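Colleague: I have a model open and would like to learn how to read its features. Please take me through it.

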Amino acid sequence: MFALLIPTGSDHDRNRLPLATLSLIAINLVVDLLTNLSCHWEQIAKAYGFVAEHPQPIQFLTHMFLHAGWPTARDASWVDYANCLLHISGNMAYLWFAG
């Protein structure tokens, strides 16, 4: 079943640079970096992440650019940080493949 999610081919023109895809990847990485550097990433996630109970119009656009924040617990291990990096890198890799 997992193999169905992996793109296996493409028929797009490879002579052009995929500016839209690269722009989305760059925006995602910048937003991820800024939210992780912020001390208030949980408040940012609540304000701009999609909340089905109380949806705001801006959240329909901004929720796509938010990703899991860095762990803030003192007992966080390297695995927690690796999971955050794997999350954003996996999403961007799939965006690159599908874009």
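Predicted model: local features only at pLDDT ≥ 70, side-chain atom pairs only at ≥ 80, totals over all residues.

Colleague: Which residues of α1 meet α4?

Modeller: Residues are numbered from 1 along each chain as its sequence is written, and side-chain values use heavy atoms, without hydrogens and water. Thr21, Leu22, Leu24, Ile25, Asn28, Leu29 and Asp32 in α1 meet Ile88, Met92, Leu95 and Trp96 in α4. Contact means heavy atoms within 4.5 Å. The contact residues divide into eight nonpolar, two polar and one charged.

Colleague: How do I read the packing of two helices?

Modeller: Two packed helices are described by the angle between their axes and the distance between the axes. Here, α1 (residues 19-37) and α4 (residues 78-98) pack at about 170 degrees, axes 10 Å apart. The two are therefore roughly antiparallel (over 145 degrees).

Colleague: And aromatic pairs?

Modeller: A pair of aromatic rings is described by the distance of the centres and the angle of the planes. A search of the whole structure finds one. Phenylalanine 50 and phenylalanine 60 form a tilted pair, 5.1 Å centre to centre with 55 degrees between the planes. Rings pair if their centres lie within 6.5 Å; under 30 degrees counts as stacked, over 60 as edge-to-face, the rest as tilted.

Colleague: Where do phenylalanine 50 and phenylalanine 60 sit?

Modeller: Phenylalanine 50 is in the loop between α2 (41-48) and α3 (59-62), phenylalanine 60 in helix α3, 10 residues apart.

Methods:
Axes fitted to C-alpha atoms, helices over the stretch in contact; angles between N-to-C directions. Helix = DSSP H or I, 4+ residues; strand = E, 2+ residues; numbered from the N terminus. Parallel < 35°, antiparallel > 145°, perpendicular 65-115°, else oblique. Nonpolar A, V, L, I, M, F, W, Y, C, P; charged D, E, K, R; others polar. Phe/Tyr/Trp six-rings, centres within 6.5 Å; stacked < 30°, edge-to-face > 60°.
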